[in-house]
Amino acid sequence: MAAPDTSKSIHNFHCRDALWESYERMSRELDCSMDYLINEALRNYAQASGYIEGEAPDPAEPVTGTADLSRGSRPPPLPAVSAPGREALTRPVVPKPGTGEIRPARPSSDMLPKPSSAAQTPGTTGSRQVSGSSSASGSRLPRLTCIFQGRKVPINREQFIIGRGTKTSDLTIRDTNISRKHAGVIFHNGLFYIKDLGSTNGIEFEGRRIDSKRINEGDVFYLCDYELHFTYEN
């Protein structure tokens with residue numbers, strides 16, 4: 001069996017500030033380098049997802065430069081993770097107190113309610129032919145605006161699609177990291193929600209991935225590195 005490739009190169013990537021701060025805290029508490037933590041996290045995820053075969057943990061060799069936060073004994077390996085399915089990826093996760101285990105967060109009242117089996121799921125199928133600011137039932141929609149890259153985009157449909165596809169989306173973001181139908185702004189029971197439409201990279205709110213959430217005044221969501229700021233004030 002061939003020995004695993006342990007060569008390393010410097011790579012740049014964008015990281016959420018909250019995540020980086022968490023890893024800095026882990027580095028101090030586990031007495032190991034940031035280089036070791038990030039490599040172990042990447043290895044665990046790739047192995048759990050089936051992209052690499054069983055591979056020994058990083059030997060935690062000293063790293064030159066400012067990234068070397070410790071030169072002591074080898075830190076303990078990070079806990080292995082299981083490969084998440086689509087449902088797990090589209091739900092927020094929180095650490096279970098007192099353990100390294102990660103479990104899905106409990107649904108909150110802000111999440112888009114699941115319809116009954118006889119009802120149609122908003123944002124997935126059915127007509128989106130709602131013109132102007134009126135809903136299919138004839139009542140007026142609240143005046144919601146999405147501020148994207150400095151421009152104001154009015155949400156004037158009950159099912160407003162955000163994605164990469166020019167023919168399938170109402171707000172188009174031309175980036176391969178954005179799915180063709182990435183997210184939907186759904187009007188349901190008198191309220192607006194944002195919902196992940198089964199995208200690859202998901203929606204982030206306050207540093208965590210969400211499946212759906214009621215849109216409140218001033219809410220800011222991220223689709224990859226793209227900021228979506230919502231306001232009811234015009």
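**View 1. I194 finds its bridge partner across the sheet.** In strand β11, K213 is the bridge partner of I194. Strands here are DSSP runs marked E of at least two residues, numbered from the N terminus. This is a predicted model, so local features need pLDDT of at least 70 and side-chain atom pairs count only at pLDDT 80 or more, while totals for chains, interfaces and linings use all residues. Residues are numbered from 1 along each chain as its sequence is written, and side-chain values use heavy atoms, leaving out hydrogens and water. Strand β8 (residues 191-196) pairs with β11 in the antiparallel sense, over three bridges; to count as a pair, two strands need at least two bridges found by DSSP.

**View 2. Five strands make an open sheet.** Follow the order β6-β5-β7-β8-β11, where the pairing is mixed. At the edges sit β6 (171-172) and β11 (212-214), each pairing on one side only.

View 3. Strands β12 (residues 220-223) and β13 (residues 226-231) run antiparallel, joined by four bridges. L223 stands opposite Y226 of β13. Two residues lie between the strands of this hairpin, and C224 in the turn has a positive phi of about 55°.

View 4. Buried means under 20% relative accessible area, exposed over 50%, and partly exposed in between (1.4 Å probe, protein chains only). In a regular strand, side chains alternate between the two faces of the sheet.

**View 5. R140 sits in a loop.** Look for R140 between β2 (102-104) and β3 (144-148). R140 counts as exposed because its relative accessibility is 61%.
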